[in-house]
Amino acid sequence: MSMTQPLRFYVHTPFCLHKCHYCDFNSHVFSNPPWEKYQQALLKEIEYYAQQPQFKQRRISSIFFGGGTPSLAPPELFEAVLHTLQTHFSFANDIEISLEANPGASEAQRFQAYRAAGINRVSIGVQSFDAAELKWLERIHSADEAIKAYHIARDAGFDNINLDLMYALPKQSLASWFTTLEKALALEPEHLSCYQLTVEPHTQLAITHKKQALALPHDDLALDFLWQTRQRLQQAGYQAYEISNFAKAGKTCQHNQGYWLYDDYVGIGAGAAGKWDAEDGGVWRYSNLRSPNTYIDTALQHGKAVGSDEYLNLAQAMGEAMWLGLRQSQGIHIPSFSQRFGNSPQQAYPQLLQQWLQQEQLKQHQHYLQLTEQGLNIADDIAASFLVAV
Ligand code: SF4
């Protein structure tokens with residue numbers, strides 16, 4: 001375990017105005033969230049984790065406020081969380097502090113206050129600029145409101161904005177998706193996240209899909225969406241640095257890159273997860289209680305609200321590092337992997353690697369192990385092949 005390794009902080013706010021039917025995040029509909037108590041619970045958790053030897057006095061490289069809908073929270077909550085974090089930890093000079101915002105919950109005054117609180121990156125959940133698609137997704141905002149939210153964020157001084165978009169919706173054509181993509185490009189955000197819709201188990205959408213199968217694009221069309229999106233965004237000056245993420249030069253999301261690089265992170269808030277490297281090469285991770293009220297009561301009483309934790313041995317941790325690292329376009333830096341786990345990928349997976357390399361699904365480029373173009377088509381299968389059952 002290296003105490004000089006970057007530490008990331010994830011802060012979850014689980015409240016939403018409406019539960020979108022495709023959503024499998026830990027989000028709960030509250031008309032009047034208990035912000036004061038929630039803030040107190042978050043601060044208690046920070047104080048707890050600041051005392052843990054594996055995190056104590058480490059430097060924080062990025063903070064991400066996700067949800068749920070964090071942009072429903074009063075700006076004072078962000079001020080208090082950031083102030084308390086700064087009291088207990090040091091911040092990197094170039095720290096990235098992101099906030100997820102929903103266009104339906106975007107007010108000019110709030111964005112200015114978020115900026116003043118220290119947030120320096122905003123990720124806006126647009127999903128689509130098509131009215132019918134937004135309705136199908138059960139989003140509570142219109143396309144115009146999404147554009148307005150973007151301009152509000154810009155006017156408030158944010159120079160690092162991401163737009164979240166979703167493609168491969170039922171009955172969606174490539175033309176319709178490209179209308180959304182072009183509208184997003186016209187706004188000139190620094191970053192775009194383009195995710196394929198997936199029907200996650202235990203969502204309302206999964207229940208609907210089971211009753212009557214949705215007209216989702218078949219695999220070939222879904223791959224067309226992926227490849228034509230990559231091509232268009234590359235033309236527009238965005239680098240595809242991860243399967244679903246595209247950035248202008250110098251504007252990759254540091255926080256998410258930390259996950260793919262298998263950095264340590266502390267998660268606070270209902271349902272948040274954390275992870276740190278153990279001294280024997282394995283990994284510890286935990287997940288918080290998911291119910292907002294139970295989380296608040298537990299954190300206020302005990303300083304933490306862990307619902308479950310687990311230890312991954314060296315083989316399991318290596319597999320997870322491979323699974324995450326291969327999502328990045330640059331792939332896995334072989335010398336860093338070897339130094340960290342005492343084993344190179346070639347030593348750890350001689351047969352599996354040989355198989356993927358021979359099939360030209362993976363390639364070694366200088367010091368990196370990465371997916372080939374054809375490997376990208378089956379990226380999930382390749383990445384998952386390295387996972388070892390926990
Ligand atoms: S707004 Fe986001 S977090 Fe909330 S229910 Fe919809 S998709 Fe989930």
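In the predicted model, one face of helix α1 packs against helix α2. Trp-35, Gln-39, Leu-42, Leu-43, Ile-46, Glu-47 and Ala-50 are the α1 residues in this contact. Their partners in α2 are Leu-77, Ala-80, Val-81, Thr-84, Leu-85 and His-88. By class, nine of the contact residues are nonpolar, three are polar and one is charged. Helix α1 spans residues 35-50, and helix α2 spans residues 75-88. Their axes come within 10 Å and cross at roughly 15°. Angles under 35 degrees count as roughly parallel, so α1 is roughly parallel to α2. The crossing is right-handed.

Helix α1 also meets helix α10, which covers residues 292-302. Here the axes come within 8 Å, and the crossing angle is roughly 45°. The two helices, α1 and α10, are therefore oblique to each other. Their crossing is left-handed. From α1, the contact draws on Lys-37, Tyr-38, Gln-40, Ala-41, Lys-44 and Glu-45. From α10, Tyr-295, Ile-296, Ala-299 and Leu-300 take part. Six residues of this contact are nonpolar, one is polar and three are charged.

A further helix pair is formed by α6 (residues 174-187) and α8 (residues 219-235). The axes of α6 and α8 come within 11 Å and cross at roughly 35°. This crossing is right-handed. Helix α6 contributes Leu-174, Trp-177 and Leu-181. Helix α8 contributes Asp-224, Phe-225, Gln-228, Thr-229 and Arg-232. The contact of α6 with α8 comprises four nonpolar, two polar and two charged residues.

The ligand was examined next. Its surroundings include three cysteines, Cys-16, Cys-20 and Cys-23. Lys-19, Phe-25 and Ser-27 also belong to the shell. Four residues of the shell are nonpolar, six are polar and one is charged.

At the level of the whole chain, the domain assignment gives two domains. Domain 1 runs over 7-258, and domain 2 over 331-390. Their centres, taken over C-alpha atoms, are separated by 29 Å.

Definitions and conventions
Residues numbered from 1 in each chain as written. Predicted model: local features only at pLDDT ≥ 70, side-chain atom pairs only at ≥ 80, totals over all residues. Axes fitted to C-alpha atoms, helices over the stretch in contact; angles between N-to-C directions. Helix = DSSP H or I, 4+ residues; strand = E, 2+ residues; numbered from the N terminus. Parallel < 35°, antiparallel > 145°, perpendicular 65-115°, else oblique. Left-handed = near helix turned anticlockwise from the far one by under 90°. Contact = placed C-beta atoms within 7 Å. Nonpolar A, V, L, I, M, F, W, Y, C, P; charged D, E, K, R; others polar. Near = placed C-beta within 6 Å. Domains from an automatic or database assignment.
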